[in-house]
Amino acid sequence: MSDIPKAQELLYKGDFTCVLCKDDIVYVSKEKGISPMLDFITNGIDLSGFSVADKIVGKAAAMLFVKAGVREVFGEVVSKEGLSFLQSENIPCSYKILTENIINRKGDGICPMENEVKNISDTDIAYDLLIKKRNELRGIQI
């Protein structure tokens, strides 16, 4: 089985939010939002060439996938901006549902992480902004 079908199967079988596969190496997470990718990148895990299956892929997640060097993405739900960013970086992306926007957890507006990267195209800048925003949302002062 190739990497993306394997990642998709694990995403659903294990009730994970994010699964990355490359050959026999697999990373999984049940953390919400973009936290799995922020943690993998922050911890220096080399994800170059990995395929990823994720529950929700907006522009913020797409930018982190590009920064990490993933080669293919599947999203259960993918935003148009996320898809566009991945396509601009020549990263194949498949999905179940294509949506206009990623909504916040309350369901009353745009995801705050999406707002952070709305007008950003540099993945390093996006990463720094997303770390700061996550810390702010968690009440962490650095």
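Predicted model: local features only at pLDDT ≥ 70, side-chain atom pairs only at ≥ 80, totals over all residues.
The axes of helix α3 (residues 59-68) and helix α6 (residues 123-137) come within 9 Å and cross at roughly 125°. Residues are numbered from 1 along each chain, and side-chain values use heavy atoms, with hydrogens and water left out.

So who touches whom? On the α3 side there are Ala60, Met63, Leu64, Val66 and Lys67, and they meet Thr123, Asp124, Ala126, Tyr127 and Leu130 of α6 (contact means heavy atoms within 4.5 Å). Sorted by type, the residues of this contact come out as 7 nonpolar, 1 polar and 2 charged.

Helix α2 (residues 35-42) is mostly covered, with 6 of its 8 residues buried (buried means under 20% relative accessible area, exposed over 50%, partly exposed in between, with a 1.4 Å probe and protein chains only). Those buried residues are Ser35, Pro36, Met37, Leu38, Phe40 and Ile41, and their cover includes β1 (18-22), β2 (25-29), α3 and α6. Just after α2, Gly44 takes a positive phi of about 70°.

Most residues other than glycine have a negative phi. Asp15, in the loop between α1 (3-13) and β1, has a positive phi near 55°, and Asp15 is exposed at a relative accessible area of 55%. Asp23 sits in the loop between β1 and β2, with a positive phi of about 55°, and counts as exposed at 54% relative accessibility.

Definitions and conventions. Axes fitted to C-alpha atoms, helices over the stretch in contact; angles between N-to-C directions. Helix = DSSP H or I, 4+ residues; strand = E, 2+ residues; numbered from the N terminus. Nonpolar A, V, L, I, M, F, W, Y, C, P; charged D, E, K, R; others polar.
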